[in-house]
Amino acid sequence: MSFAIQAKQSLCLMNVKKDCCRRALLYGILLFAVNFDENRIRLITESEKTAELTLKLLFDLYKIEGNLYVTRKKQSDKDEDSFKSSKITVSSREDVKKLLSKFLYIQGSDEDINTDLFTCENCKPSFLRGVFLSAGLLTNPEHSYHLEIPVRSEKLARKLLEILEGADIHAKYGVRKNQGMVYIKSSEQIENFLAYIGASNALFEIMNSRILKGAKNDANRQRNCDTANLSKVVSASKAQIEAIEKLLSSGRLELLSSELKETALKRLEFPELSIKDFGLTFTPAISKSGINNRLKKIMEFANK
């Protein structure tokens, strides 16, 4: 299973409770599918969990039953191994029309992104999660850092870039073999994107990979010390993020005091920072011991 598929499988397990966010998630999946217009809706994916999630969202939100077709493909004639490809279609013209109206779709606007659908602060992350599930490609960080999303047109790419910029994620547009794409090559920006859409497992894999690569490039004792410290940062941050996501999915985040809630949400924004650097993101800055105390309380509450 590829690194990208693993990341998608994990994302599909996230619990999205609010209907507006679930709609934004489905909108992202379908808008960046192979076909999305008044004539046809068709998604092709190698991720079984993405296919299952799409069918579930279609039915739960709009009582639309999509058609699922699963095929096995060989990489080459000499290759005995095969991989599954899932295709989902909405064949009924009535269902297509109903679905497009729910997305406030205007004829010919499949090259645009209707941001009026984003009604709460979590809708945009949900939408981008759907975009990645539908079309995102992500290389194994052991080999290189590269994330890309194929797009139908430059206009659609520009709208996607605007949304990413609004989330402080810096991407670029390019064309390869007549295929337009939005792409990110910076490991830091890829980490920002994955953190924003909630792909914590893939995020920590890339962070670990970056740490290890940095360690290999430095051959002295101080390097070993720094690597150990960075690994501790990653391990501690991972535990904190998991605790905060646990509170989010259970709805218990709202039970925290205002300062703990602020700290939890900000930690999701800056999972890669050390405790000291994380304290500096507050105004006024908070001491290392102060931040440690807050995070300790959050984790204790999450583990009750």
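Rings of Phe, Tyr and Trp (the six-membered ring in Trp) were taken as paired if their centres lie within 6.5 Å, with planes under 30 degrees apart counted as stacked, over 60 as edge-to-face and the rest as tilted. Under this criterion, ring pairs link Tyr27, Phe32, Phe36, Tyr62, Phe103, Tyr105, Phe118 and Phe127 into a cluster. The structure is a predicted model, in which local features need pLDDT of at least 70 and side-chain atom pairs count only at pLDDT 80 or more, while totals for chains, interfaces and linings use all residues. Residues are numbered from 1 along each chain as its sequence is written, and side-chain values use heavy atoms, with hydrogens and water left out.

The ring criterion gives a count of nine aromatic pairs. One of them is formed by Phe132 and Phe193, which are edge-to-face at 6.1 Å centre to centre with 65 degrees between the planes. Because Phe132 lies in helix H5 (residues 123-135) and Phe193 in helix H7 (residues 187-197), this pair ties together parts that are 61 residues apart in sequence. Helices (H or I, at least four residues) and strands (E, at least two) are DSSP runs, numbered from the N terminus. Phe132 is buried, with a relative accessible area of 0%, and Phe193 is likewise buried, at 1%; buried denotes under 20% relative accessible area, exposed over 50% and partly exposed the range in between (1.4 Å probe, protein chains only).

Phe278 and Phe282 have ring centres 5.4 Å apart and planes at 75 degrees, so this pair is edge-to-face. Both Phe278 and Phe282 are buried. Each ring also has a charged side chain over its face, a relation that requires NZ of Lys or CZ of Arg within 6 Å of the ring centre and within 35 degrees of the ring normal. Lys266 lies over Phe282 at 5.2 Å from the ring centre, and Arg267 lies over Phe278 at 4.8 Å from the ring centre.

Phe282 is also touched by Arg294, a residue of helix H12 (residues 288-302). Arg294 counts as buried at 14% relative accessibility. Its side chain makes polar contacts (a pair of N or O atoms within 3.5 Å; within protein, one must be able to donate a hydrogen and the other to accept it, and residues adjacent in sequence count only if both atoms are side-chain atoms). The partners include the side chain of Glu259, at 3.5 Å, and that of Thr263, at 2.9 Å. Apart from residues up to four places away in sequence, Arg294 touches Glu259, Leu260, Glu262, Thr263, Phe282 and Ile286, where contact means heavy atoms within 4.5 Å.

A nonpolar core is a set of buried Ala, Val, Leu, Ile, Met, Phe, Trp, Tyr and Cys residues joined through side-chain atoms within 4.5 Å. The largest such core has 73 residues, of which Phe32, Ile113, Phe127, Phe193 and Leu194 touch the most other members. Helix H2 (residues 19-31) supplies the largest share of this core, nine residues. Phe127 touches Ala24, Leu25, Tyr27, Gly28, Leu31, Phe32, Ile113, Phe118 and Ile163, not counting residues up to four places away in sequence. A second, separate core comprises 17 residues, including Ala243, Leu253, Leu273 and Ile298.

Ile149 is placed in strand E6 (residues 147-151) and is buried, with a relative accessible area of 3%. Beyond its neighbours within four places in sequence, Ile149 is in contact with Phe32, Val131, Ala135, Gly136, Leu160, Gly180, Met181 and Val182. Strand E6 runs antiparallel to strand E8 (residues 179-184), to which five bridges join it; two strands pair if DSSP finds at least two bridges between them. Gly180 in E8 is the bridge partner of Val151. E8 also pairs with strand E7 (residues 172-176) in the antiparallel sense, over five bridges, and Tyr183 in E8 is the bridge partner of Lys172. E7 and E8 form a hairpin with two residues between them, and Lys177 in the turn has a positive phi of about 55 degrees.

Thr45, in strand E2 (residues 41-45), counts as buried at 5% relative accessibility. The side chain of Thr45 reaches the backbone nitrogen of Ser47 at 3.0 Å. With neighbours within four places in sequence left aside, Thr45 is in contact with Thr50, Ala51, Lys84, Ser85, Ser86 and Leu133.
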